[in-house]
Amino acid sequence: MPSVLHIEDDPVNRRLVAKLLAKAGYDVVDAATGLSGIRLAAERRPDLVLVDINIPDLDGYEVILRLRGMPDLEGVPIVAITAEGDKHTSLAVGADGFIGKPIDARSFPRTVERFLRGHKERSDSTERHLRDRSQKIVERLERKVIELLEANARLEEMARLRREFLRNVTHELATPMTPVVGYLRLLLEEELGELTPLQRKCLNSVLDSTQRLRSVVDTLLDVSSLETQRMHFYEREYDVATLVRQTTDAAWTRFGDAGIELITREVEPELTTGDPEKLGRALSHVLDNAVKFTPRGGKVAVEVWREGDHYVIGVADSGPGVRPDQLARILEPFYQVDGSVTRSHGGVGLGLAFAQRVCEAMGGSVVVTSPPGVEVAGTRLSGTLVRLSVAASGSRRES
Ligand SMILES: Nc1ncnc2c1ncn2[C@@H]1O[C@H](COP(=O)(O)OP(=O)(O)OP(=O)(O)O)[C@@H](O)[C@H]1O
Ligand SMILES: [Mg+2]
């Protein structure tokens, strides 16, 4: 059964042509825009293409020019269908024929068949029409380029404002934290008078919440300074193995409270240079995710190893994993797989973005795989593996 691709934006016309051609034994595929038509033509290699001239995005002449440039479609008849389009221009850009609208239902299938058999219409003024058309295309291209440049400038300006907004909001949030934390400590240390057990309990829970706020604000500060390229990295000697152990130890009780088994492996000290405080915070974020997303009774494995001229810190969990289409996105600032307000986990979507910025600044990267596919600390788990890597020599990229 010969196949016909019909590129036309008007659904009524599409249906009419489909009906007429189906009755005459053709297999018809529709496209509503020039771009989708070109894509379908490349995918399906139809036996004949019908192109309406007056369509959105690329117009019919441009579509015909483009189709004529595709080696796969060589020899495939292309026929323009239109009410107001110009026959000579259609032929000049490479159409084999021209059918005027409204189409004549009775003769239409026969006309199509004639083109399929190799009939070609001719025009003697091809060159002039082709030049006119080329000029129109260039004019349109010029307008589009100007439009895109303007849109791009607007987007850059919006991104700049957004970065500034983030920085200002973060500073506004950070400033009042200092007296809050300070007075809380004074109260808890009973510098301002003795506390009843109930008062102490209340103040401790205020302190807990304040610390959570503090850590969100700290992350916001970090991300904001990274985005505006103002994060300062220290360069000093440290031991990766100890850093990983200390950071993991600090999270130990959280794993215990969450009913998750934490598996680690002791390794020899590995001296390198970089910013251990930032790397430790990056690792805390990844451990925090592992606690958050792994259900009670699950396992989390942490190990550091050397891979060429990088140190890799691997954190694997037995949690639900991350879908392949989400893997790249979860590294973006503010992106969360479940971003709804009703989600069961807290957070603002900055942990991995922060970790990525830190590792990149220290000459490495963050790579997430799900399932892990490798053993970490001698254990093969089924959820997610986050690999934080940093350059071993401490050769970091300036940021
Ligand atoms: N170990 C994991 N298992 C499953 N999903 C994960 C895991 N780690 C991260 N994700 C997904 O990636 C998203 C982004 O993680 P990220 O750490 O950047 O933000 P968050 O944990 O939601 O918030 P924040 O870190 O700012 O508190 C998470 O919301 C979650 O959907
Ligand atoms: Mg997180």
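Axes are lines fitted to C-alpha atoms, for helices over the stretch in contact, and angles run from 0 to 180 degrees between N-to-C directions. With that in mind, helix H8 (residues 240–257) and helix H9 pack at an angle of about 35 degrees, with their axes 10 Å apart. This is a predicted model, in which local features need pLDDT of at least 70, side-chain atom pairs count only at pLDDT 80 or more, and totals for chains, interfaces and linings use all residues. Residues are numbered from 1 along each chain as its sequence is written, chains are lettered from A and ligands numbered from 1 in the order in which they are written, and side-chain values use heavy atoms, with hydrogens and water left out.

**The parallel sheet**

- An open sheet of 5 strands has the order E2-E1-E3-E4-E5 with parallel pairing, where two strands pair if DSSP finds at least two bridges between them, and where helices (H or I, at least four residues) and strands (E, at least two) are DSSP runs numbered from the N terminus.
- Strand E2 (27–31) and strand E5 (97–100) are the edge strands, each of which pairs on one side only, and the twist from one strand to the next averages 20 degrees.
- Strand E3 (residues 48–52) and strand E4 (residues 78–82) are joined in the parallel sense over 4 bridges, and Asp52 has Ile81 in E4 as its bridge partner.
- Helix H3 (residues 60–68) packs on the sheet and touches E1, E3 and E4, its direction making about 155 degrees with that of E3, while helix H2 (residues 34–44) lies across strand E1 (3–7) and E2 at about 145 degrees to E2; contact here means heavy atoms within 4.5 Å.

**The mixed sheet**

- A further 5 strands form an open sheet in the order E7-E9-E10-E12-E11, and here the pairing is mixed.
- The edge strands are E7 (261–264) and E11 (366–369), each pairing on one side only, and neighbouring strands are turned by 15 degrees against each other on average, direction ignored.
- E11 and strand E12 (residues 385–391) run antiparallel and are joined by 4 bridges, with Leu385 in E12 as the bridge partner of Thr369.
- Helix H9 (residues 276–293) lies across strand E9 (299–307), strand E10 (310–317) and E12, running at about 20 degrees to E10, whereas helix H10 (residues 351–361) lies across E11 and E12 at about 25 degrees to E12.

**Helices H8 and H9**

- The crossing of H8 and H9 is right-handed, a term used if the near helix is turned clockwise from the far one by less than a right angle, with anticlockwise giving a left-handed crossing.
- Among the residues that meet are Leu243, Val244 and Phe255 in H8, and Leu279, Leu283 and Val291 in H9.

**The loop residue Glu121**

- Glu121 sits in the loop between helix H5 (108–116) and helix H6 (126–188), and leaving aside neighbours within four places in sequence, its contacts include Leu91, Phe98 and Phe115.
- The side chains of Glu121 and Lys87 are joined by a polar contact of 3.2 Å, meaning a pair of N or O atoms within 3.5 Å; within protein, one must be able to donate a hydrogen and the other to accept it, and residues adjacent in sequence count only if both atoms are side-chain atoms.

**Around ligand 1**

- Ligand 1 is surrounded by 17 residues, of which the closest are Asn289, Lys292, Asp317, Gln336 and Leu350, a residue being near a molecule if one of its heavy atoms lies within 4 Å of it.
- An oxygen atom of ligand 1 is 2.5 Å from an N or O atom in the side chain of Gln336.
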